[in-house]
Amino acid sequence: MSKLRAVGFDLDGTLFDHRGSATAAADGFLAEFGVVPTVHIRDLWFAAEEREFERWRAGDVGFQQQRRNRVTTVFGALGLEMPDTPESLDGLFDRYLAAYRAAWRLFPDSADVLRRLRLRGVSIGILTNGTQEQQQEKLERTGLVDLVDMVCVSEEIGAQKPDRRAFDILAGRLGEAPDACHFIGDNPEHDVAGARHAGMSASLIERYRPGAPGLLEIVAGAVGRL
């Protein structure tokens, strides 16, 4: 453990509370159409999000098209009137997106843990799949950009997790060999398996599972008491 000199983090679901932010936004957005939020409807929203985002990640659809597909999937399942042009779909998603931005928030412990790591002299990086513009905006709006040493966004670096190239780029920008880096993320395949395949040690964080270890506990288990 003592050889670890850098820690890399996933963003959404690890440091940034994407599900909490998106739940608040989706509830408000769908309420405009008379939809009362329920667990089933939220599950429907997130299932469409996950499926279409993975299709974009795999290169099957464009980024804007995956957004349109999410709207048509949810509206169709709920029996809502379906927009008939791509521009109308874009306009609807923009309404959701505005609510999502307004709800952006970190997990309560994220900033504190990053500050503690900095005091220990540990280098900190973020590796996230997504578009450069949106992920960078999240970092700036939440203040994370001031708490890390570098950021790798898949669109900018040309590689996505779990591709080992993404983790190699992360390590290179941190100025460390992969085996001197530890990676923490919420996806067993993309984050944990991907990092380990690249030669890093890695830990899974389960933010939404009751009783799961918190970020401080996970980081301390990797680098020692903070």
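Contact here means heavy atoms within 4.5 Å of each other. The model is predicted, so local features need pLDDT of at least 70 and side-chain atom pairs count only at pLDDT 80 or more, while totals for chains, interfaces and linings use all residues. Residues are numbered from 1 along each chain as its sequence is written, and side-chain values use heavy atoms, with hydrogens and water left out.

**The sheet**

- Five strands make an open sheet in the order β3-β2-β1-β4-β5, with parallel pairing. Strands are DSSP runs of E with at least two residues, helices are runs of H or I with at least four, and both are numbered from the N terminus. Two strands count as paired if DSSP finds at least two bridges between them.
- At the edges are β3 (150-153) and β5 (201-204), each of which pairs on one side only.
- From one strand to the next, the twist averages 20°. Axes are lines fitted to C-alpha atoms, for helices over the stretch in contact, and angles between N-to-C directions run from 0 to 180 degrees.
- Four bridges join β2 (residues 123-128) and β3 in the parallel sense, and T128 stands opposite V153 in β3.

**Helices on the sheet**

- Helix α8 (residues 164-174) packs on the sheet and touches β1 (6-9), β2, β3 and β4 (181-185). The direction of α8 makes about 155° with that of β2.
- Helix α9 (residues 188-197) also packs on the sheet, touching β4 and β5, and its direction makes about 160° with that of β5.

**Nonpolar cores**

- A nonpolar core is a set of buried Ala, Val, Leu, Ile, Met, Phe, Trp, Tyr and Cys residues joined through side-chain atoms within 4.5 Å. Buried means under 20% relative accessible area, exposed over 50%, and partly exposed in between (1.4 Å probe, protein chains only).
- The largest core has 49 residues, and F9, Y96 and L144 have the most contacts inside it.
- Helix α4 (residues 86-102) gives the largest share of this core, six residues.
- Leaving aside neighbours within four places in sequence, F9 is in contact with residues including T14, L15, L114, F183 and V219.

**Two residue sites**

- S110, in helix α5 (residues 110-119), is buried with a relative accessible area of 0%. Beyond four places in sequence, S110 is in contact with T14, L15, R207 and L215.
- The whole structure has zero disulfides, a disulfide being a pair of cysteine sulfur atoms within 2.5 Å. The sulfur of C152 has its closest cysteine sulfur in C181, 11 Å away, which is too far for a bond. Both cysteines are buried: C152 at 0% relative accessibility and C181 at 1%.
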